[in-house]
Amino acid sequence: MTVPPDYGQADQAQAAAEPRPDSPVPDASGHFGRFGGRLSPEALMSALDELTAEYAAAKADPAFQAELTALLRGYAGRPTLLTEVPRFAAHAGGGRVFLKREDLCHTGSHKINNVLGQALLTKRLGKRRIIAETGAGQHGVATATAAALLGLDCTVYMGEEDTARQALNVARMRMLGAEVVPVTIGSRTLKDAMNEAFRNWVSTVDYTHYCIGSVGGPHPFPLLVRDFQRVIGIEAREQIMQAAGRLPDAVLACVGGGSNAIGVFHAFIPDTRVALIGCEAGGDGHQAGRNAATLTFGSTGVLHGMRTYLLQDADGQTLQTHSISAGLDYPGVGPEHAWLKDTGRASYRAITDAQAMDAFLLLCRTEGIIPAIESAHALAGALQVGSELGPDSVLLVNLSGRGDKDVDIAAKWFGL
Amino acid sequence: MSSSQVSTAFERAAAQDRAALVGYVPAGFPSVAGSIEAALAMAEGGADVIEIGLPYSDPLIDGPVIQEAVRRALVGGTRVADVLHTVAAVAAAGVPTLIMTYWNPVDQHGVARFAADLARAGGSGLITPDLTPEEAGPWLTAAAEHRLDRVFLVAPSSSDERIELITSVCGGFVYAASLMGITGARESVSSQAGALVSRVKEHTKLPVAVGLGVSTGAQAAQVAGFADGVIVGSAFVQRLLSADSPRAGLAAVRELAAELADGVRASR
């Protein structure tokens, strides 16, 4: 196990040493190559402009950055650990595997990194209410938590199917004082929760900030969520250099919308010998409607204010998706991932429900760590990639969340 | 660019010293044939322009009534080809007809191909509620080639700079969202609507039509007092949803159109 460096010192040291991205993406209008942008109802354009300007000001404001850093360190629990998992690695080709422990963040996942940033922005914008969409409930819980901490009203939109399969997180949000609105239209999952959050935002935008939980949506959301999650990769790069004495051969993360993956990938983008591998929800098959592997099976289009890869039919209708993990059950993906795929800088593979659940149980039994089912997709990817690369390999896996919320689903799956 | 059928309809209404009435129904609801009949019933009742909605899986700015109608249209198997067929049938009856559509179906069809198909069907143009002028380049080019109207939305939150940008790319009319919110009937006309229309008129000579929340003849009359057009959607769709039979639905649509048509004539 590696003891991470002090957060503040590490941040300063890395500011000088940190590699620069290959290209200055996104551009001023939020385009990552041909992806991203802002295709939004006009009613939201002024709020998006205001948010863009306020975020730029906050980014340049040392007081804002200091407040966020203090919250990440003193409240969220950063820096998170880097844990080597040799008994798990024995099943992954015999090389070394390191987990970035975002599961140890307060509220149980990486989602808190972004939410604390956006909650502080909400205060800066002079707004008193924050809303969010949530799939697995981790972003909803993080948003409800930040709202309680900072004294904001909070409403979370969650598909009815997800409120059923993630009931524990619904109870947590309500405990924290948030209103949870089950969404009963469409597929009743994350996509429809996002639709409903947008509808509410249009009507309440003068006093409400919409805290999008992933690196998707209209500009500036993919940019600002990426920036708030970059801390994962910045810490992990430093930690693995200390622990392994070199850069990893591959960095793996699960991808639904893609925020934890962008977070861990971003600091490694200039390290072109490091493979960046996103693990999508392969569900129970490649047939349309049976998975949520957008980059693996999808085509380009427009959804939720951005141009990106989508799972859609020939008429541009969004397809139903399936994944055992509510947090990956989304038919789109953040535009920066679409760009990383097209440029070849990152690759993406589909992990089936069964492969993810096998990896889930393996980590439980070999290392005493219960991962979120979302994160188990990245673990399953590590089992594959480790076997491909062999015993000399070093892998970094982002363990984006913990699995407490998933024990019911897992118990049913394994018949425990 | 020659005047489109929609422009002509607004000019005719203005010559009669009244506002134009624009009615909306999604294609494929309650069926493809039923949506054509509903559109024609609106026209018979007095609607000057028809918006045919292109049913889309993720209608971000629509309220529960239109969401439900669109859901039924999609469950019923409505395809883009059916939407173009609906436009052709309504336009063939001499009614100026636009498609109201979220952007992704047009994007997937191919923007140039969609414009060509729409023009061939006799449609006058597109209303695009989630397309910003900044992202509209290919559509503006295709619309110019096929002489189609480009109806973008302005909202009460739009800055003067944005109103200038939006009106500079609009054709046919400008769609003013009366309030900050989603489609659906409201108790009263938003107090923001009049001010928005005044602001828009400082930037363009195009007609300005007001939509969102208008459902009665009295509200139509109120809006017609300051706008060049009154757009009604959810109220028509609600009539069809509530009807005991298709025939009763069409009668209710025709009756509402007549009430609204009286409204747009009552105020001046």
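This is a predicted model: local features need pLDDT of at least 70, side-chain atom pairs count only at pLDDT 80 or more; totals for chains, interfaces and linings use all residues.
Local features are reported at pLDDT of at least 70 and side-chain atom pairs at pLDDT 80 or more, while totals for chains, interfaces and linings use all residues. Residues are numbered from 1 along each chain as its sequence is written, and chains are lettered from A in the order in which they are written.

Across the boundary, 42 residues of domain 1 of chain A are in contact with 37 residues of domain 2 of chain A (contact: C-beta atoms, placed from the backbone, within 7 Å).

An open sheet of 6 strands has the order β3-β4-β14-β9-β10-β13 in chain A, with mixed pairing. Strands are DSSP runs of E of at least two residues, and helices runs of H or I of at least four, both numbered from the N terminus; strands pair if DSSP finds at least two bridges between them. β3 (82–84) and β13 (346–352) of chain A are the edge strands, each with a single partner, so one side of each has no neighbour in the sheet.

β10 (residues 275–283) of chain A runs parallel to β13(A), joined by 7 bridges. One bridge pairs G283(A) with T352(A) of β13(A). Helix α15 (residues 353–367) of chain A lies across β10 and β13 of chain A, at about 90° to β13(A) (angles run from 0 to 180 degrees between N-to-C directions of axes fitted to C-alpha atoms, for helices over the stretch in contact).

Conventions
Two residues are in contact if their C-beta atoms, placed from the backbone, lie within 7 Å.
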